[in-house]
Amino acid sequence: MSDLGHVVRVAGPVVVVEGLTSRLYNVVRVGRRHLVGEVIRLSGPLTVVQVYESTSGLKVGSPVVDTGAPLQVELGPGLLGGVFDGIQRSLPTLAMEEGRPHARPFIRRGIEAPALDRTRMWNFEPAVAVGDQVATGDVLATVAETDSLQHRILVPPGRSGTVTACEAGAARVEDPVVWIDGEPLAMLSRWPVRRKRPVAMRIDPTRPLITGQRVIDTLFPLARGGSATIPGGFGTGKTVQEQTLARWVDADVIIYVGCGERGNELAEVLEQFPQLVDPRSGGSLMERTILIANTSNMPVAAREASIYTGITIAEYYRDQGYDVAILADSTSRWGEALREVSSRLEEMPGEEGFPAYLPSRLAEFYERSGAVECLGRDGRTGSVTVVGAVSPPGGDFSEPVTQYSLRLAGTFWALDTDLARRRHYPAIHWSRSYSLYQLGAWFNDRVAPDWDAQRQWAIRLLDEEEELRSVVQLLGIDVLDPSEQVLFRTGRLLREDFLQQSAFDEIDAHCAPDKQYWMLRVIRETQQAMAGAVGRGVAPDEATTIDRLGDVATMRWWPAHEAKERATALIAEVQEEVDRL
Ligand code: ADP
Ligand code: MG
(Lines give C-alpha, C1' and ligand atoms only; values in the text may rest on other atoms or scores of the structure.)
(Ligands and ions follow the chains in the order given, each with its own letter.)
Protein backbone atom coordinates (compact mmCIF):
# COMPACT_ATOMS: atom_id res chain seq x y z
CA MET A 1 0.00 0.00 0.00
CA SER A 2 1.40 3.37 -0.96
CA ASP A 3 0.01 6.82 -1.46
CA LEU A 4 3.07 7.72 -3.52
CA GLY A 5 3.59 6.63 -7.13
CA HIS A 6 5.40 7.78 -10.23
CA VAL A 7 4.46 8.69 -13.78
CA VAL A 8 5.15 6.04 -16.42
CA ARG A 9 3.38 7.63 -19.37
CA VAL A 10 1.96 11.01 -20.38
CA ALA A 11 -0.64 11.29 -23.16
CA GLY A 12 -2.10 14.79 -23.23
CA PRO A 13 -4.38 15.18 -20.23
CA VAL A 14 -4.06 11.47 -19.38
CA VAL A 15 -1.22 10.23 -17.18
CA VAL A 16 -0.45 6.62 -16.29
CA VAL A 17 0.98 6.06 -12.82
CA GLU A 18 2.71 3.07 -11.25
CA GLY A 19 3.18 2.22 -7.60
CA LEU A 20 0.13 4.06 -6.32
CA THR A 21 -2.62 2.47 -4.27
CA SER A 22 -5.62 4.65 -4.92
CA ARG A 23 -9.36 4.60 -5.37
CA LEU A 24 -11.44 5.46 -8.36
CA TYR A 25 -12.17 9.20 -8.50
CA ASN A 26 -9.64 10.09 -5.82
CA VAL A 27 -7.79 13.34 -6.39
CA VAL A 28 -4.02 13.05 -6.83
CA ARG A 29 -1.30 15.66 -7.19
CA VAL A 30 1.03 15.04 -10.08
CA GLY A 31 4.66 16.08 -10.50
CA ARG A 32 6.66 18.74 -8.77
CA ARG A 33 4.13 21.38 -9.65
CA HIS A 34 1.40 19.38 -7.86
CA LEU A 35 -0.93 19.40 -10.85
CA VAL A 36 -4.46 18.44 -9.86
CA GLY A 37 -5.66 15.11 -11.29
CA GLU A 38 -8.39 12.56 -10.73
CA VAL A 39 -8.13 8.76 -10.87
CA ILE A 40 -10.35 7.59 -13.70
CA ARG A 41 -9.27 3.97 -14.05
CA LEU A 42 -7.49 1.32 -11.99
CA SER A 43 -5.89 -1.45 -13.97
CA GLY A 44 -3.68 -3.88 -12.09
CA PRO A 45 -0.53 -2.10 -10.96
CA LEU A 46 -1.38 0.96 -13.03
CA THR A 47 -3.49 3.95 -12.08
CA VAL A 48 -4.85 6.14 -14.87
CA VAL A 49 -5.28 9.79 -14.01
CA GLN A 50 -6.88 12.66 -15.88
CA VAL A 51 -5.06 15.87 -15.14
CA TYR A 52 -7.00 19.11 -14.88
CA GLU A 53 -4.04 21.26 -15.85
CA SER A 54 -1.63 21.34 -18.74
CA THR A 55 0.75 18.38 -18.58
CA SER A 56 3.36 19.89 -20.85
CA GLY A 57 6.83 19.37 -19.44
CA LEU A 58 5.64 16.57 -17.15
CA LYS A 59 8.24 13.79 -17.17
CA VAL A 60 8.19 10.03 -16.71
CA GLY A 61 9.31 9.30 -13.18
CA SER A 62 7.63 12.38 -11.67
CA PRO A 63 6.05 11.73 -8.27
CA VAL A 64 2.29 11.33 -7.83
CA VAL A 65 0.62 11.68 -4.42
CA ASP A 66 -2.87 10.48 -3.51
CA THR A 67 -4.87 13.00 -1.46
CA GLY A 68 -7.23 10.26 -0.23
CA ALA A 69 -10.34 12.29 -1.14
CA PRO A 70 -12.54 12.50 -4.22
CA LEU A 71 -12.96 15.67 -6.27
CA GLN A 72 -15.11 17.93 -4.11
CA VAL A 73 -16.33 21.48 -3.93
CA GLU A 74 -16.24 23.90 -1.05
CA LEU A 75 -19.64 25.12 0.05
CA GLY A 76 -20.52 28.05 2.27
CA PRO A 77 -21.22 31.78 2.19
CA GLY A 78 -19.14 33.74 -0.28
CA LEU A 79 -19.82 31.66 -3.39
CA LEU A 80 -22.23 34.21 -4.88
CA GLY A 81 -20.48 36.64 -7.17
CA GLY A 82 -17.60 34.20 -7.49
CA VAL A 83 -15.76 33.25 -10.65
CA PHE A 84 -14.22 29.80 -10.64
CA ASP A 85 -12.46 27.43 -12.97
CA GLY A 86 -13.72 23.89 -13.68
CA ILE A 87 -12.38 22.55 -10.39
CA GLN A 88 -13.59 25.56 -8.38
CA ARG A 89 -10.36 27.49 -8.04
CA SER A 90 -11.19 31.14 -7.62
CA LEU A 91 -10.19 33.03 -10.76
CA PRO A 92 -10.12 36.62 -9.47
CA THR A 93 -8.07 35.50 -6.47
CA LEU A 94 -5.57 33.99 -8.85
CA ALA A 95 -5.42 37.03 -11.05
CA MET A 96 -4.76 39.14 -7.95
CA GLU A 97 -2.02 36.86 -6.70
CA GLU A 98 -0.34 37.14 -10.02
CA GLY A 99 -0.40 40.90 -9.55
CA ARG A 100 -2.73 41.35 -12.47
CA PRO A 101 -6.10 42.17 -10.93
CA HIS A 102 -7.70 42.96 -14.26
CA ALA A 103 -6.18 40.14 -16.23
CA ARG A 104 -8.33 37.66 -18.12
CA PRO A 105 -9.01 34.47 -16.20
CA PHE A 106 -5.64 32.87 -15.99
CA ILE A 107 -4.17 30.23 -13.77
CA ARG A 108 -0.63 29.28 -13.03
CA ARG A 109 -0.29 25.52 -12.87
CA GLY A 110 -0.48 23.69 -9.58
CA ILE A 111 -1.58 26.78 -7.73
CA GLU A 112 -3.94 26.67 -4.75
CA ALA A 113 -6.79 29.13 -4.87
CA PRO A 114 -9.46 28.17 -2.36
CA ALA A 115 -13.01 28.84 -3.52
CA LEU A 116 -14.04 30.52 -0.29
CA ASP A 117 -12.26 33.47 1.25
CA ARG A 118 -10.77 32.28 4.56
CA THR A 119 -10.44 35.73 6.07
CA ARG A 120 -13.83 37.29 5.37
CA MET A 121 -16.08 37.74 8.39
CA TRP A 122 -19.76 36.79 8.26
CA ASN A 123 -22.47 37.55 10.75
CA PHE A 124 -23.62 34.13 11.95
CA GLU A 125 -27.20 34.32 13.22
CA PRO A 126 -28.19 31.05 14.93
CA ALA A 127 -31.62 29.58 14.36
CA VAL A 128 -31.10 26.96 17.07
CA ALA A 129 -30.36 27.05 20.78
CA VAL A 130 -28.32 24.84 23.07
CA GLY A 131 -30.31 21.72 23.85
CA ASP A 132 -32.14 21.57 20.52
CA GLN A 133 -32.32 18.25 18.73
CA VAL A 134 -31.22 18.64 15.11
CA ALA A 135 -30.92 16.34 12.12
CA THR A 136 -29.69 16.53 8.52
CA GLY A 137 -31.05 19.52 6.66
CA ASP A 138 -32.24 21.49 9.67
CA VAL A 139 -31.38 25.18 9.51
CA LEU A 140 -28.70 25.96 12.09
CA ALA A 141 -28.25 29.61 11.24
CA THR A 142 -28.61 32.26 8.59
CA VAL A 143 -25.93 34.51 7.16
CA ALA A 144 -26.73 37.52 4.97
CA GLU A 145 -24.59 36.48 2.02
CA THR A 146 -25.78 39.37 -0.15
CA ASP A 147 -28.41 42.05 0.30
CA SER A 148 -31.03 39.79 -1.20
CA LEU A 149 -30.00 36.28 -0.23
CA GLN A 150 -30.05 34.73 3.23
CA HIS A 151 -27.58 31.89 3.19
CA ARG A 152 -28.88 29.04 5.34
CA ILE A 153 -26.32 26.96 7.18
CA LEU A 154 -27.71 23.44 7.39
CA VAL A 155 -26.90 20.34 9.38
CA PRO A 156 -24.79 18.45 6.83
CA PRO A 157 -25.93 15.10 5.42
CA GLY A 158 -25.36 12.28 7.87
CA ARG A 159 -25.14 14.45 10.99
CA SER A 160 -27.66 14.69 13.82
CA GLY A 161 -27.74 15.12 17.58
CA THR A 162 -28.09 17.75 20.28
CA VAL A 163 -26.76 21.29 19.97
CA THR A 164 -24.25 21.56 22.82
CA ALA A 165 -22.88 25.02 22.03
CA CYS A 166 -23.45 27.77 19.54
CA GLU A 167 -21.70 31.08 18.90
CA ALA A 168 -23.53 34.00 17.35
CA GLY A 169 -21.77 36.88 15.65
CA ALA A 170 -18.79 37.47 13.42
CA ALA A 171 -17.03 34.35 12.18
CA ARG A 172 -14.89 33.13 9.30
CA VAL A 173 -15.99 30.16 7.20
CA GLU A 174 -13.59 27.76 8.94
CA ASP A 175 -14.32 28.90 12.50
CA PRO A 176 -16.33 26.46 14.61
CA VAL A 177 -19.74 28.02 15.19
CA VAL A 178 -22.02 25.21 16.35
CA TRP A 179 -21.30 22.07 18.31
CA ILE A 180 -23.47 19.00 17.86
CA ASP A 181 -22.92 16.46 20.65
CA GLY A 182 -19.66 18.28 21.34
CA GLU A 183 -18.44 18.00 17.73
CA PRO A 184 -17.63 21.39 16.17
CA LEU A 185 -19.13 22.49 12.89
CA ALA A 186 -18.00 25.38 10.69
CA MET A 187 -19.92 27.18 7.95
CA LEU A 188 -17.66 25.66 5.32
CA SER A 189 -18.64 22.18 4.16
CA ARG A 190 -17.53 19.99 1.27
CA TRP A 191 -19.27 17.65 -1.14
CA PRO A 192 -17.95 15.27 -3.84
CA VAL A 193 -19.00 16.65 -7.21
CA ARG A 194 -19.95 13.36 -8.81
CA ARG A 195 -22.49 12.46 -6.13
CA LYS A 196 -25.95 14.02 -5.89
CA ARG A 197 -26.87 15.66 -2.63
CA PRO A 198 -29.71 13.93 -0.78
CA VAL A 199 -33.25 15.33 -0.62
CA ALA A 200 -36.40 14.39 1.31
CA MET A 201 -38.51 13.90 -1.80
CA ARG A 202 -38.69 14.88 -5.44
CA ILE A 203 -41.83 16.79 -6.40
CA ASP A 204 -43.53 17.29 -9.76
CA PRO A 205 -42.40 20.42 -11.55
CA THR A 206 -45.71 22.24 -11.97
CA ARG A 207 -44.58 25.85 -11.73
CA PRO A 208 -42.93 27.61 -14.66
CA LEU A 209 -39.58 29.33 -14.46
CA ILE A 210 -40.46 32.66 -16.05
CA THR A 211 -37.87 33.84 -18.54
CA GLY A 212 -39.49 36.94 -19.99
CA GLN A 213 -38.95 35.47 -23.45
CA ARG A 214 -42.23 35.23 -25.33
CA VAL A 215 -41.44 32.24 -27.48
CA ILE A 216 -40.34 30.38 -24.36
CA ASP A 217 -42.91 31.32 -21.71
CA THR A 218 -45.88 31.26 -24.06
CA LEU A 219 -45.06 28.43 -26.47
CA PHE A 220 -42.37 26.23 -24.90
CA PRO A 221 -42.25 27.00 -21.20
CA LEU A 222 -39.66 25.71 -18.81
CA ALA A 223 -40.64 24.26 -15.43
CA ARG A 224 -38.99 25.26 -12.18
CA GLY A 225 -36.87 22.18 -11.58
CA GLY A 226 -37.13 21.13 -15.21
CA SER A 227 -34.52 20.93 -17.89
CA ALA A 228 -34.08 22.32 -21.36
CA THR A 229 -31.69 21.85 -24.20
CA ILE A 230 -30.82 24.47 -26.83
CA PRO A 231 -29.22 22.93 -29.89
CA GLY A 232 -28.11 25.21 -32.69
CA GLY A 233 -25.43 25.53 -35.33
CA PHE A 234 -22.72 28.14 -35.20
CA GLY A 235 -24.04 31.69 -34.83
CA THR A 236 -27.69 30.74 -34.26
CA GLY A 237 -27.80 32.42 -30.84
CA LYS A 238 -27.01 29.81 -28.18
CA THR A 239 -24.70 32.03 -26.21
CA VAL A 240 -27.00 35.05 -26.47
CA GLN A 241 -29.89 32.84 -25.32
CA GLU A 242 -28.01 31.45 -22.32
CA GLN A 243 -26.86 34.91 -21.31
CA THR A 244 -30.35 36.35 -21.76
CA LEU A 245 -31.68 33.60 -19.50
CA ALA A 246 -28.94 34.25 -16.95
CA ARG A 247 -30.05 37.83 -16.83
CA TRP A 248 -33.82 37.50 -16.77
CA VAL A 249 -34.77 34.11 -15.47
CA ASP A 250 -36.90 34.20 -12.35
CA ALA A 251 -34.52 32.19 -10.13
CA ASP A 252 -32.82 33.08 -6.85
CA VAL A 253 -29.39 31.90 -7.88
CA ILE A 254 -27.86 31.62 -11.35
CA ILE A 255 -24.92 29.39 -12.14
CA TYR A 256 -23.36 30.02 -15.52
CA VAL A 257 -20.97 27.37 -16.79
CA GLY A 258 -18.89 28.58 -19.71
CA CYS A 259 -17.67 25.27 -20.98
CA GLY A 260 -15.14 25.11 -23.79
CA GLU A 261 -16.43 28.23 -25.55
CA ARG A 262 -14.40 31.27 -26.46
CA GLY A 263 -12.81 33.13 -23.56
CA ASN A 264 -13.81 36.56 -24.81
CA GLU A 265 -17.51 35.65 -24.47
CA LEU A 266 -17.03 34.93 -20.79
CA ALA A 267 -14.89 37.99 -20.36
CA GLU A 268 -17.90 39.93 -21.67
CA VAL A 269 -20.14 38.34 -19.04
CA LEU A 270 -17.57 39.24 -16.41
CA GLU A 271 -17.55 42.83 -17.55
CA GLN A 272 -21.31 43.19 -18.07
CA PHE A 273 -22.91 41.35 -15.17
CA PRO A 274 -21.53 43.44 -12.33
CA GLN A 275 -22.93 46.53 -14.09
CA LEU A 276 -26.34 45.05 -14.85
CA VAL A 277 -29.10 45.65 -12.38
CA ASP A 278 -30.81 42.58 -11.01
CA PRO A 279 -34.52 43.09 -11.78
CA ARG A 280 -35.38 41.25 -8.55
CA SER A 281 -33.23 43.07 -6.02
CA GLY A 282 -32.09 46.29 -7.64
CA GLY A 283 -28.51 45.25 -6.79
CA SER A 284 -25.85 44.01 -9.16
CA LEU A 285 -26.72 40.92 -11.17
CA MET A 286 -23.44 39.36 -10.12
CA GLU A 287 -24.73 39.17 -6.53
CA ARG A 288 -26.90 36.21 -7.41
CA THR A 289 -24.61 34.74 -10.05
CA ILE A 290 -21.77 32.26 -9.90
CA LEU A 291 -19.59 31.84 -12.95
CA ILE A 292 -17.67 28.72 -13.77
CA ALA A 293 -15.25 29.27 -16.58
CA ASN A 294 -13.47 26.64 -18.50
CA THR A 295 -12.90 28.25 -21.84
CA SER A 296 -11.48 26.71 -25.00
CA ASN A 297 -7.93 27.75 -24.11
CA MET A 298 -8.10 26.07 -20.68
CA PRO A 299 -7.25 22.39 -19.97
CA VAL A 300 -9.70 19.97 -21.50
CA ALA A 301 -10.16 17.59 -18.55
CA ALA A 302 -11.26 20.39 -16.21
CA ARG A 303 -14.01 21.08 -18.71
CA GLU A 304 -15.40 17.66 -17.95
CA ALA A 305 -15.42 18.50 -14.22
CA SER A 306 -16.91 21.96 -14.67
CA ILE A 307 -20.50 20.88 -15.13
CA TYR A 308 -20.37 18.66 -12.03
CA THR A 309 -18.84 21.48 -10.04
CA GLY A 310 -21.67 23.73 -11.27
CA ILE A 311 -24.49 21.34 -10.52
CA THR A 312 -23.17 20.48 -7.05
CA ILE A 313 -23.14 24.17 -6.10
CA ALA A 314 -26.65 24.41 -7.58
CA GLU A 315 -27.86 21.57 -5.35
CA TYR A 316 -26.30 23.25 -2.33
CA TYR A 317 -28.40 26.40 -2.79
CA ARG A 318 -31.44 24.28 -3.69
CA ASP A 319 -31.06 22.51 -0.34
CA GLN A 320 -31.32 25.91 1.36
CA GLY A 321 -34.77 26.30 -0.22
CA TYR A 322 -33.88 28.34 -3.29
CA ASP A 323 -34.70 28.12 -6.97
CA VAL A 324 -31.46 27.75 -8.88
CA ALA A 325 -30.90 27.83 -12.63
CA ILE A 326 -27.76 26.36 -14.13
CA LEU A 327 -26.89 27.36 -17.67
CA ALA A 328 -24.21 25.40 -19.51
CA ASP A 329 -22.69 26.65 -22.76
CA SER A 330 -21.93 24.27 -24.33
CA THR A 331 -22.47 20.62 -23.45
CA SER A 332 -21.00 19.68 -26.83
CA ARG A 333 -17.61 21.02 -25.80
CA TRP A 334 -18.01 19.01 -22.62
CA GLY A 335 -18.78 15.92 -24.74
CA GLU A 336 -15.68 16.63 -26.79
CA ALA A 337 -13.62 16.67 -23.61
CA LEU A 338 -15.02 13.22 -22.75
CA ARG A 339 -14.15 12.08 -26.24
CA GLU A 340 -10.61 13.37 -26.05
CA VAL A 341 -9.89 11.75 -22.70
CA SER A 342 -11.52 8.52 -23.87
CA SER A 343 -9.37 8.37 -26.99
CA ARG A 344 -6.23 8.95 -24.89
CA LEU A 345 -7.36 6.01 -22.80
CA GLU A 346 -7.61 4.03 -26.04
CA GLU A 347 -11.17 3.03 -25.19
CA MET A 348 -13.37 1.50 -27.87
CA PRO A 349 -15.05 4.47 -29.51
CA GLY A 350 -18.83 4.56 -29.94
CA GLU A 351 -20.95 6.80 -32.16
CA GLU A 352 -18.90 9.50 -33.87
CA GLY A 353 -15.93 8.71 -31.65
CA PHE A 354 -17.75 9.52 -28.41
CA PRO A 355 -17.26 6.99 -25.61
CA ALA A 356 -20.08 4.51 -25.01
CA TYR A 357 -20.76 6.18 -21.64
CA LEU A 358 -21.67 9.54 -23.23
CA PRO A 359 -25.44 9.02 -22.72
CA SER A 360 -25.08 7.93 -19.10
CA ARG A 361 -22.83 10.90 -18.28
CA LEU A 362 -25.25 13.31 -19.93
CA ALA A 363 -28.08 11.69 -17.98
CA GLU A 364 -26.15 12.11 -14.72
CA PHE A 365 -26.08 15.84 -15.45
CA TYR A 366 -29.69 16.38 -16.56
CA GLU A 367 -31.10 14.09 -13.90
CA ARG A 368 -29.72 16.30 -11.17
CA SER A 369 -32.30 18.88 -12.14
CA GLY A 370 -35.54 18.74 -10.19
CA ALA A 371 -37.97 20.35 -7.80
CA VAL A 372 -37.57 18.89 -4.34
CA GLU A 373 -38.71 18.94 -0.80
CA CYS A 374 -35.48 19.57 1.08
CA LEU A 375 -34.24 17.57 4.04
CA GLY A 376 -34.98 19.37 7.29
CA ARG A 377 -37.99 19.84 9.50
CA ASP A 378 -39.27 23.13 8.05
CA GLY A 379 -40.56 21.46 4.86
CA ARG A 380 -38.94 24.03 2.56
CA THR A 381 -38.73 23.33 -1.15
CA GLY A 382 -36.11 24.20 -3.73
CA SER A 383 -35.28 23.49 -7.32
CA VAL A 384 -32.50 23.13 -9.83
CA THR A 385 -33.36 23.96 -13.42
CA VAL A 386 -30.83 22.91 -16.06
CA VAL A 387 -30.44 24.55 -19.45
CA GLY A 388 -27.77 23.05 -21.68
CA ALA A 389 -26.73 24.48 -25.03
CA VAL A 390 -25.60 21.99 -27.67
CA SER A 391 -23.44 22.90 -30.67
CA PRO A 392 -23.93 20.13 -33.23
CA PRO A 393 -21.21 20.21 -35.89
CA GLY A 394 -22.66 21.65 -39.09
CA GLY A 395 -25.97 22.25 -37.29
CA ASP A 396 -26.87 18.58 -37.82
CA PHE A 397 -29.26 17.57 -35.02
CA SER A 398 -28.86 13.86 -35.69
CA GLU A 399 -25.47 13.78 -33.94
CA PRO A 400 -25.21 11.99 -30.56
CA VAL A 401 -24.98 14.90 -28.07
CA THR A 402 -28.12 16.55 -29.51
CA GLN A 403 -30.01 13.27 -29.72
CA TYR A 404 -29.25 12.16 -26.15
CA SER A 405 -29.90 15.65 -24.78
CA LEU A 406 -33.32 15.84 -26.33
CA ARG A 407 -34.26 12.51 -24.79
CA LEU A 408 -33.23 13.76 -21.37
CA ALA A 409 -34.51 17.32 -21.33
CA GLY A 410 -38.16 18.25 -20.84
CA THR A 411 -37.95 21.25 -23.13
CA PHE A 412 -36.34 21.43 -26.52
CA TRP A 413 -35.62 24.84 -28.02
CA ALA A 414 -34.37 24.13 -31.53
CA LEU A 415 -32.36 27.03 -32.94
CA ASP A 416 -32.78 27.23 -36.68
CA THR A 417 -30.03 28.33 -39.07
CA ASP A 418 -32.53 29.73 -41.57
CA LEU A 419 -34.32 31.85 -39.00
CA ALA A 420 -30.99 33.17 -37.71
CA ARG A 421 -29.93 34.01 -41.25
CA ARG A 422 -33.15 35.97 -41.73
CA ARG A 423 -32.41 37.67 -38.37
CA HIS A 424 -35.51 36.21 -36.76
CA TYR A 425 -34.31 36.18 -33.11
CA PRO A 426 -34.54 34.24 -30.92
CA ALA A 427 -34.17 31.67 -33.71
CA ILE A 428 -36.19 29.08 -31.76
CA HIS A 429 -38.13 27.20 -34.39
CA TRP A 430 -41.80 26.84 -33.43
CA SER A 431 -42.49 23.63 -35.32
CA ARG A 432 -39.35 21.78 -34.19
CA SER A 433 -39.38 22.82 -30.53
CA TYR A 434 -41.48 21.43 -27.70
CA SER A 435 -42.11 21.49 -23.98
CA LEU A 436 -43.31 18.42 -22.12
CA TYR A 437 -44.23 20.36 -18.97
CA GLN A 438 -47.89 20.79 -18.13
CA LEU A 439 -47.90 24.38 -16.97
CA GLY A 440 -51.14 25.61 -18.52
CA ALA A 441 -53.04 25.40 -15.24
CA TRP A 442 -50.53 27.67 -13.52
CA PHE A 443 -50.75 30.30 -16.26
CA ASN A 444 -54.55 30.06 -16.41
CA ASP A 445 -54.63 30.61 -12.68
CA ARG A 446 -52.08 33.36 -12.39
CA VAL A 447 -52.18 35.28 -15.67
CA ALA A 448 -55.43 34.80 -17.59
CA PRO A 449 -58.06 32.05 -17.53
CA ASP A 450 -57.72 31.51 -21.29
CA TRP A 451 -53.90 31.54 -21.35
CA ASP A 452 -53.65 27.91 -22.37
CA ALA A 453 -56.48 28.12 -24.92
CA GLN A 454 -54.77 31.13 -26.46
CA ARG A 455 -51.45 29.27 -26.51
CA GLN A 456 -53.09 26.33 -28.32
CA TRP A 457 -54.59 28.79 -30.80
CA ALA A 458 -51.14 30.27 -31.52
CA ILE A 459 -49.48 26.88 -31.98
CA ARG A 460 -52.23 25.72 -34.35
CA LEU A 461 -52.12 28.92 -36.33
CA LEU A 462 -48.33 28.76 -36.78
CA ASP A 463 -48.75 25.19 -38.03
CA GLU A 464 -51.43 26.14 -40.50
CA GLU A 465 -49.45 29.13 -41.73
CA GLU A 466 -46.46 26.87 -42.35
CA GLU A 467 -48.58 24.61 -44.54
CA LEU A 468 -50.02 27.53 -46.48
CA ARG A 469 -46.56 29.01 -46.96
CA SER A 470 -45.44 26.29 -49.38
CA VAL A 471 -48.59 26.84 -51.43
CA VAL A 472 -48.08 30.62 -51.48
CA GLN A 473 -44.44 30.24 -52.46
CA LEU A 474 -45.44 28.18 -55.49
CA LEU A 475 -48.65 29.83 -56.60
CA GLY A 476 -48.95 33.22 -54.90
CA ILE A 477 -51.29 34.45 -52.18
CA ASP A 478 -54.28 34.83 -54.51
CA VAL A 479 -54.85 31.08 -54.70
CA LEU A 480 -55.77 31.11 -51.00
CA ASP A 481 -59.39 31.59 -50.14
CA PRO A 482 -60.20 34.79 -48.14
CA SER A 483 -60.19 33.18 -44.70
CA GLU A 484 -56.85 31.51 -45.47
CA GLN A 485 -55.42 34.85 -46.48
CA VAL A 486 -56.42 36.24 -43.09
CA LEU A 487 -54.81 33.27 -41.39
CA PHE A 488 -51.67 33.72 -43.46
CA ARG A 489 -51.43 37.38 -42.50
CA THR A 490 -52.02 36.56 -38.82
CA GLY A 491 -49.20 34.03 -38.93
CA ARG A 492 -46.87 36.76 -40.05
CA LEU A 493 -48.02 39.02 -37.21
CA LEU A 494 -47.33 36.22 -34.78
CA ARG A 495 -43.85 35.60 -36.08
CA GLU A 496 -42.76 39.20 -36.50
CA ASP A 497 -44.58 41.00 -33.72
CA PHE A 498 -44.74 38.32 -31.08
CA LEU A 499 -42.11 35.62 -31.48
CA GLN A 500 -39.28 37.93 -32.48
CA GLN A 501 -37.70 39.60 -29.51
CA SER A 502 -34.36 41.34 -29.43
CA ALA A 503 -32.10 40.46 -26.55
CA PHE A 504 -30.41 43.81 -27.00
CA ASP A 505 -33.47 46.07 -26.91
CA GLU A 506 -33.68 47.89 -23.62
CA ILE A 507 -37.43 47.45 -23.29
CA ASP A 508 -38.13 44.37 -25.35
CA ALA A 509 -35.37 42.20 -23.86
CA HIS A 510 -37.80 41.14 -21.13
CA CYS A 511 -41.55 40.68 -21.48
CA ALA A 512 -43.64 39.84 -18.42
CA PRO A 513 -46.21 37.03 -18.79
CA ASP A 514 -49.11 39.46 -18.47
CA LYS A 515 -47.76 41.54 -21.35
CA GLN A 516 -47.17 38.36 -23.36
CA TYR A 517 -50.79 37.46 -22.86
CA TRP A 518 -52.09 40.85 -23.98
CA MET A 519 -49.82 41.04 -27.02
CA LEU A 520 -51.06 37.66 -28.15
CA ARG A 521 -54.63 38.62 -27.37
CA VAL A 522 -54.35 41.64 -29.68
CA ILE A 523 -53.15 39.42 -32.52
CA ARG A 524 -55.94 36.92 -31.89
CA GLU A 525 -58.62 39.62 -31.83
CA THR A 526 -57.11 41.20 -34.93
CA GLN A 527 -57.51 37.91 -36.74
CA GLN A 528 -61.14 37.76 -35.67
CA ALA A 529 -61.79 41.29 -36.84
CA MET A 530 -60.15 40.66 -40.23
CA ALA A 531 -62.01 37.35 -40.57
CA GLY A 532 -65.30 39.11 -39.79
CA ALA A 533 -64.62 41.64 -42.54
CA VAL A 534 -63.84 39.10 -45.26
CA GLY A 535 -66.87 37.16 -44.06
CA ARG A 536 -69.11 40.05 -45.02
CA GLY A 537 -67.43 40.44 -48.40
CA VAL A 538 -64.53 42.87 -47.83
CA ALA A 539 -61.62 42.10 -50.18
CA PRO A 540 -58.89 40.13 -48.31
CA ASP A 541 -56.08 42.46 -49.42
CA GLU A 542 -58.03 45.34 -47.91
CA ALA A 543 -58.91 43.56 -44.68
CA THR A 544 -55.32 42.38 -44.12
CA THR A 545 -53.60 45.71 -44.73
CA ILE A 546 -55.36 47.96 -42.23
CA ASP A 547 -53.28 50.84 -40.82
CA ARG A 548 -53.56 49.65 -37.24
CA LEU A 549 -51.28 46.70 -38.01
CA GLY A 550 -48.53 49.31 -37.71
CA ASP A 551 -49.47 49.72 -34.04
CA VAL A 552 -49.46 45.97 -33.52
CA ALA A 553 -45.79 46.07 -34.51
CA THR A 554 -45.01 48.50 -31.68
CA MET A 555 -46.63 46.50 -28.86
CA ARG A 556 -43.21 45.21 -27.86
CA TRP A 557 -42.34 48.66 -26.53
CA TRP A 558 -45.38 49.02 -24.32
CA PRO A 559 -44.56 49.47 -20.65
CA ALA A 560 -45.51 46.15 -19.05
CA HIS A 561 -47.88 47.68 -16.50
CA GLU A 562 -49.86 49.39 -19.28
CA ALA A 563 -50.19 46.27 -21.43
CA LYS A 564 -53.81 45.48 -20.58
CA GLU A 565 -55.02 49.05 -21.01
CA ARG A 566 -53.13 49.58 -24.26
CA ALA A 567 -54.21 46.22 -25.64
CA THR A 568 -57.86 46.89 -24.87
CA ALA A 569 -57.65 50.25 -26.65
CA LEU A 570 -55.83 48.82 -29.66
CA ILE A 571 -58.32 45.96 -30.02
CA ALA A 572 -61.15 48.53 -30.13
CA GLU A 573 -59.29 50.63 -32.70
CA VAL A 574 -58.64 47.64 -34.93
CA GLN A 575 -62.32 46.72 -34.78
CA GLU A 576 -63.34 50.28 -35.60
CA GLU A 577 -61.04 50.45 -38.60
CA VAL A 578 -62.24 47.11 -39.89
CA ASP A 579 -65.87 48.15 -39.41
CA ARG A 580 -65.32 51.15 -41.69
CA LEU A 581 -64.16 48.96 -44.59
P1 ADP B 1 -23.86 30.84 -31.04
O2 ADP B 1 -23.50 30.88 -29.58
O3 ADP B 1 -25.01 29.92 -31.32
O4 ADP B 1 -22.71 30.57 -31.94
P5 ADP B 1 -24.41 33.64 -30.60
O6 ADP B 1 -25.24 33.49 -29.38
O7 ADP B 1 -23.01 34.09 -30.40
O8 ADP B 1 -24.41 32.29 -31.44
O9 ADP B 1 -25.22 34.61 -31.59
C10 ADP B 1 -24.67 35.12 -32.78
C11 ADP B 1 -25.25 36.48 -33.09
O12 ADP B 1 -26.64 36.40 -33.36
C13 ADP B 1 -25.17 37.47 -31.93
O14 ADP B 1 -23.93 38.13 -31.90
C15 ADP B 1 -26.31 38.41 -32.21
O16 ADP B 1 -25.93 39.40 -33.13
C17 ADP B 1 -27.34 37.55 -32.88
N18 ADP B 1 -28.40 37.12 -31.95
C19 ADP B 1 -28.57 35.89 -31.45
N20 ADP B 1 -29.65 35.82 -30.64
C21 ADP B 1 -30.18 37.05 -30.60
C22 ADP B 1 -31.30 37.65 -29.93
N23 ADP B 1 -32.10 36.92 -29.11
N24 ADP B 1 -31.54 38.95 -30.15
C25 ADP B 1 -30.76 39.67 -30.97
N26 ADP B 1 -29.70 39.18 -31.61
C27 ADP B 1 -29.39 37.90 -31.44
MG1 MG C 1 -21.75 30.50 -28.60
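Guide: Let us go through some labels one by one.

Guide: This is a predicted model, where local features need pLDDT of at least 70, side-chain atom pairs count only at pLDDT 80 or more, and totals for chains, interfaces and linings use all residues. Residues are numbered from 1 along each chain as its sequence is written, chains are lettered from A and ligands numbered from 1 in the order in which they are written, and side-chain values use heavy atoms, with hydrogens and water left out.

Visitor: Why is E315 called buried?

Guide: Buried means under 20% relative accessible area, exposed over 50%, and partly exposed in between (1.4 Å probe, protein chains only). E315 has 1% relative accessibility, so E315 counts as buried. R368, with a relative accessible area of 3%, is buried too.

Visitor: How do you know that E315 and R368 meet in a salt bridge?

Guide: A salt bridge is a side-chain nitrogen of Lys or Arg within 4 Å of a carboxyl oxygen of Asp or Glu. For E315 and R368 the N to O distance is 2.9 Å, so the pair qualifies. E315 sits in helix α5 (residues 300-319) and R368 in the loop between α7 (358-366) and β23 (370-373), 53 residues apart; helices (H or I, at least four residues) and strands (E, at least two) are DSSP runs, numbered from the N terminus.

Visitor: And what makes E340 and R344 a salt bridge?

Guide: Their closest N and O atoms are 3.9 Å apart, so they meet the cut-off. Both lie in helix α6 (residues 331-344), 4 residues apart, about one turn of the helix. E340, at 31% relative accessibility, counts as partly exposed, and R344, at 33%, is partly exposed as well.

Visitor: Why is D66 said to have no salt bridge?

Guide: The nearest side chain of opposite charge, R23, is 7.8 Å away (Lys and Arg count as positive and Asp and Glu as negative; His and the chain ends are not counted). That distance is not within the cut-off, so buried D66 has no salt bridge.
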